[in-house]
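Here are my notes for your review. Please read them alongside the model.

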Amino acid sequence: MEHPFSLEGKVGIVAGLANENSIAFGCAQALRQAGADVLVTYGSPKAERFVTPLKPSMGDPELMLCDVQDDQQLDALFARAKEKWGRLIFLVHSICVCAVR
């Protein structure tokens with residue numbers, strides 16, 4: 001399907017990938033299909049086994065662990081974006097924290 005607009009040359013972060021049912025998954029797919037380059041984050045080491053197999057269907061973006069409650073991981077994320085692109089055009093926040101009591 002041809003996109004009505006192009007995001008070619010646009011770069012950004014999609015934060016919050018957990019699995020194939022994540023809003024972040026759909027966003028990353030759509031952004032890549034429209035031509036954007038994305039860096040996709042997941043929030044815990046436990047999620048890695050679920051998110052790594054999704055890379056091909058998202059256009060093989062770089063995946064990065066980033067718990068947004070950890071300042072060092074946030075600093076590393078933005079440092080990587082700066083190193084990779086030198087700029088950031090968009091950030092998709094799709095992070096969900098579920099507390100079970």
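The points below cover the pocket, the nonpolar cores and one serine.

1. A caveat comes first. This is a predicted model.

2. Start with the largest pocket. About 500 Å³ of space lies in it. Its lining counts 22 residues, and Ala18, Gly43, Ile95, Cys96 and Val97 are the closest to the centre.

3. Next, the make-up of that lining. By class, the largest pocket is lined by 13 nonpolar, 8 polar and 1 charged residues. Both α1 (23–33) and β2 (37–42) supply at least two residues each to the lining.

4. Now the packing. The largest nonpolar core holds 18 residues. Within this core, Val14, Leu17, Leu31, Val38, Val40, Met58 and Leu63 touch the most other members. Two or more residues come from each of α1 and β2. α1 gives the most, with 4 residues.

5. Setting aside neighbours within four places in sequence, valine 40 contacts Val14, Leu17, Ala28, Pro61, Glu62, Leu63 and Met64. There is also a second, separate core of 9 residues. Its members include Ala15, Leu39, Met64 and Leu77.

6. Last, serine 94. This residue sits in the segment after β4 (90–93). Is serine 94 buried or exposed? Serine 94 counts as buried because its relative accessible area is 17%, and the cut-off is under 20%. Its side chain reaches the backbone nitrogen of alanine 24 at 3.2 Å. Not counting residues up to four places away in sequence, serine 94 touches Ala15, Gly16, Ile23 and Ala24.

Note on methods:
Residues are numbered from 1 along each chain as its sequence is written. This is a predicted model: local features need pLDDT of at least 70, side-chain atom pairs count only at pLDDT 80 or more; totals for chains, interfaces and linings use all residues. Side-chain values use heavy atoms; hydrogens and water are left out. Buried means under 20% relative accessible area, exposed over 50%, partly exposed in between (1.4 Å probe, protein chains only). A polar contact is a pair of N or O atoms within 3.5 Å; within protein, one must be able to donate a hydrogen and the other to accept it, and residues adjacent in sequence count only if both atoms are side-chain atoms. Contact means heavy atoms within 4.5 Å. On a 1 Å grid over the protein atoms alone, a cavity is a set of points where a 1.4 Å probe fits but cannot get out, and a pocket is an open set with protein on both sides within 12 Å along at least five of seven lines; lining residues have an atom within 4 Å of a point. Grid points are joined across faces, edges and corners, and a volume is the space filled by probe spheres set on the points. Ala, Val, Leu, Ile, Met, Phe, Trp, Tyr, Cys and Pro count as nonpolar, Asp, Glu, Lys and Arg as charged, and the others, Gly among them, as polar. A nonpolar core is a set of buried Ala, Val, Leu, Ile, Met, Phe, Trp, Tyr and Cys residues joined through side-chain atoms within 4.5 Å.
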